[in-house]
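Biologist: Could you take a close look at the aromatic rings for me, and describe how they are arranged in one connected account?

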Amino acid sequence: APQRWSPEPAAESPAQPQQAAPEAEPFAPTSAPAASQDWNQPMDGMGQPTPSYRYTSRDVPSSGDDSAASGASGSAGGHRVSRRAVLLTVGVVGTAGAVAVLAKTMMGPSTSSASAESGTQRPTGTIALPSHSAPSPLSSQAVWEAEIKSQTSPLALPDGVAILTPGSTIDVLDTTGARASSQSAPADAQALVLGAMGGTAAIWAVTPTAMSWYPLTGCTLGEPTSITPPQGATVSWVGGSPLFTLPNSSAAGVDSQGVYTVTVPSGHTATTDSHVLVVDGNAHYSRIARSGALGEGTLVGDGGAGAAPAYICTVTASLVAVGWNDTTGGTLGLFSVDDGSSLASMPGLDLAALPASVVAFPERGAYAVGQVVMTTGDQPAITQAALAPATCDGVYYYGQSESEQWLYAQMSDPTTTQAIDGASPAIPWGGAGDYSFVVDTDAETWKVYALAH
């Protein structure tokens with residue numbers, strides 16, 4: 001899945017990082033990492049991809065036998081429990097370097113000049129970006145700015161944005177840039193993730209050794225609760241809550257009582273604050289909580305029961321994309337595991353070409369696998385977009401062409417694109433209200449800038 005990024009310094013900019021980047025840069029979204037890295041794209045509201053850590057010692061209560069079937073390879077396009085190394089692995093790719101790589105994609109220099117101009121008049125601001133250009137069709141200057149911790153990125157929220165500050169706090173800013181609330185953050189916090197806990201929104205702060213969640217009501221943060229991941233675990237995020245993959249192929253989730261382990265058979269996975277979802281290669285799904293199994297079923301496409309799926313991707317802990325080969329080439333369906341129902345489908349797809357991981361924008365009700373965009377809400381739909389969304393700001397999707405030219409498309413109709421003006425654009429990490437949030441830096445200071453859209 002595409003990574004997220006941030007901007008490069010105005011002077012003495014380091015070369016684009018490969019494995020690590022001690023002097024990270026803020027910026028634009030980049031190309032997808034190699035398949036062997038097995039990245040999960042955090043959702044729009046989840047900020048930059050969260051590093052995968054190998055945690056050391058802690059026993060956790062178990063809801064059953066800790067042993068689980070070893071992960072079989074299964075059908076294409078799946079997230080295997082044994083392969084849920086998410087985004088960055090400390091010791092292989094440093095967290096700071098990882099954020100820099102992500103930032104580079106979102107603000108890295110474009111390799112080709114724009115070939116199209118926006119047909120709409122660009123809104124204006126008064127604050128110039130120090131190193132990069134604003135992407136069309138956003139305002140060429142920012143309306144407001146706020147300093148952020150070096151080598152981090154903003155977390156877009158429905159009503160504002162959350163940031164890690166140089167003073168080791170998490171600040172939630174409203175859409176005017178005013179600080180609405182603030183809580184202390186771990187000094188070594190490196191990423192923010194938007195999720196849920198106890199049925200309400202929460203922000204997770206991730207460090208190399210632990211993580212904490214903060215209740216979020218509107219723009220108001222509550223007091224944090226800290227957890228220590230189990231020994232040897234690798235953390236991944238699909239569904240808005242951490243899923244810990246353990247060395248013995250079992251897994252651990254987090255609920256309001258803390259960390260718990262479950263027996264998880266090999267399959268495609270996602271998790272919430274209440275249960276772990278597992279879907280096997282035959283589209284049979286089960287939901288497993290601290291108390292045990294919550295329910296199971298099998299997802300069935302238009303071809304009826306018995307047909308083997310050619311593609312499976314867990315979208316959230318409630319949504320699964322499943323595809324079957326047929327006379328049209330392939331039909332992809334979006335299913336709810338709440339009742340097993342089909343929400344939407346699209347025929348005529350090359351299922352083998354679809355990526356394994358979803359790029360999710362949950363607060364927008366939008367999810368993408370390559371150029372296939374799935375939207376939920378009152379009228380769920382699947383659309384073949386003209387670009388593979390890497391990020392969005394509520395009005396536009398942003399992605400790159402094969403030549404690495406940055407493009408944008410209306411979220412309301414992503415079937416046509418326009419090239420982004422400028423040779424080194426700052427691509428938004430997200431948006432709220434009338435603003436899109438980009439990151440840029442001079443030689444010393446990292447900031448988030450609000451560009452009008």
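Modeller: In this predicted model, Tyr396, Tyr398 and Tyr408 form one aromatic cluster, and the structure as a whole holds 6 aromatic pairs. A pair of aromatic rings is described by the distance of the centres and the angle of the planes. One of the pairs joins Trp144 and Phe437, whose ring centres lie 5.9 Å apart with the planes at 50 degrees; since planes under 30 degrees apart count as stacked and those over 60 as edge-to-face, this pair is therefore tilted. Trp144 belongs to strand 3 (residues 144-148) and Phe437 to strand 34 (residues 435-441), so that their pairing ties together parts that are 293 residues apart in sequence. Both Trp144 and Phe437 are buried.

Another pair is formed by Phe361 and Tyr397, with ring centres 6.0 Å apart and planes at 45 degrees, so this pair is tilted as well. Here Phe361 sits in strand 25 (residues 359-361) while Tyr397 sits in strand 30 (residues 396-400), and the pair therefore ties together parts that are 36 residues apart in sequence. Phe361 has a relative accessible area of 1% and is buried; for Tyr397 the relative accessible area is 1%, and this residue is likewise buried, because the cut-off for a buried residue is under 20%.

Methods: Residues are numbered from 1 along each chain as its sequence is written. This is a predicted model: local features need pLDDT of at least 70, side-chain atom pairs count only at pLDDT 80 or more; totals for chains, interfaces and linings use all residues. Side-chain values use heavy atoms; hydrogens and water are left out. Rings of Phe, Tyr and Trp (its six-membered ring) pair if their centres lie within 6.5 Å; planes under 30 degrees apart count as stacked, over 60 as edge-to-face and the rest as tilted. Helices (H or I, at least four residues) and strands (E, at least two) are DSSP runs, numbered from the N terminus. Buried means under 20% relative accessible area, exposed over 50%, partly exposed in between (1.4 Å probe, protein chains only).
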